[in-house]
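Dear colleague,

Please find below the structure that I am handing over to you.

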Amino acid sequence: MNSRIFTLIELLVVIAIIAILAAMLLPALNQARMKSYDAKCKSQHKQICAGLGFYSNDYNGYLIPAGNHPSQFNASASVQWCTRLDELGYLPRYAGNRRSNAGAHYKPVRIFRCPAVLENNQWTDYGTNLIMTLISTNCQNAIPINKIRRPSRVIMLADCCKDPDTPYVSVSRDFVGSYITAGYDYRIAWPRHQAQTNIAFLDHHVESVRRDQRNNYEWGDE
């Protein structure tokens, strides 16, 4: 029985074919991965909205203020809404803490981490509507959900810009000019999911939204 050895040219042809097939498949695989990130992000939006909804039911219809909360976990720390929401039991424990604050209790896989964003000690990858919640624990000028006429059009939560130093934990129509990075109007991460961002509304439905659609929605004070 005669055996035949591949020549160098034949081997190079095989390698070239494999390279061509890989080049054809990689964009499709990358697109599939990004779609899975988008689907998980939307799911996390809905879980967080459920926690926000339970909180508002217990606090006369108000959403949790954005920041300056006393922490049950660290008496010397002031924490953001995501941490306080899990400390109060509305979301899984330690789900909303940043690495530097949680220490040994830190959980790297959490509902406040968008899978399309790299971990960099941020509090959360999602921001609440600051116009409705305000930033202080004093809700005197906040807007309760039961005053909203069109909850399906009012933003509750959105993909938020990431910053490891400044606690970007909220989005707002008032975040313009020096308050934002160019292209991130309202501190919303518009390009996060294939040139779109995910936004959850007060009725808890989630939409993929483009930056040029940013003025098609409401903030609750209209």
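Please keep in mind throughout that the model is a predicted one.

Is Met 24 buried or exposed? Its relative accessible area is 57%. Because residues over 50% count as exposed, Met 24 is exposed. Met 24 also belongs to a nonpolar surface patch of about 610 Å², made together with Ile 9, Val 13, Ile 17, Ile 20 and Leu 21.

The next topic is the sheet. In general, the strands of a sheet pair through backbone hydrogen bonds, either parallel or antiparallel. Here, five strands form an open sheet in the order E5-E3-E4-E6-E7, and the pairing is mixed. Strands E5 and E7 (206–209) are the edge strands, each pairing on one side only.

Strand E3 (residues 126–129) illustrates both kinds of pairing. With strand E4 (residues 155–159), E3 runs antiparallel, and three bridges join the two. Gly 127 has Ala 158 in E4 as its bridge partner, while Thr 128 stands opposite Leu 157 in E4. With strand E5 (residues 170–171), E3 runs parallel, joined by two bridges. The bridge partner of Thr 128 in E5 is Ser 170.

Finally, how do the helix and the sheet meet? Helix H1 lies across E3, E4, E6 (197–201) and E7. The helix runs at about 145° to E4.

Yours sincerely

Notes. Residues numbered from 1 in each chain as written. Predicted model: local features only at pLDDT ≥ 70, side-chain atom pairs only at ≥ 80, totals over all residues. Heavy atoms only, no water. Patch = residues over 30% accessible without salt bridge, like charges linked within 9 Å, V, L, I, M, F, W, Y side chains within 5 Å. Areas by Shrake-Rupley, 256 points an atom, 1.4 Å probe, with all protein chains shown as cover. Salt bridge = Lys/Arg side-chain N within 4 Å of Asp/Glu carboxyl O. Buried < 20%, exposed > 50% of the residue type's maximum accessible area, 1.4 Å probe, protein only. Pairing = 2+ DSSP bridges. Helix = DSSP H or I, 4+ residues; strand = E, 2+ residues; numbered from the N terminus. Contact = heavy atoms within 4.5 Å. Axes fitted to C-alpha atoms, helices over the stretch in contact; angles between N-to-C directions.
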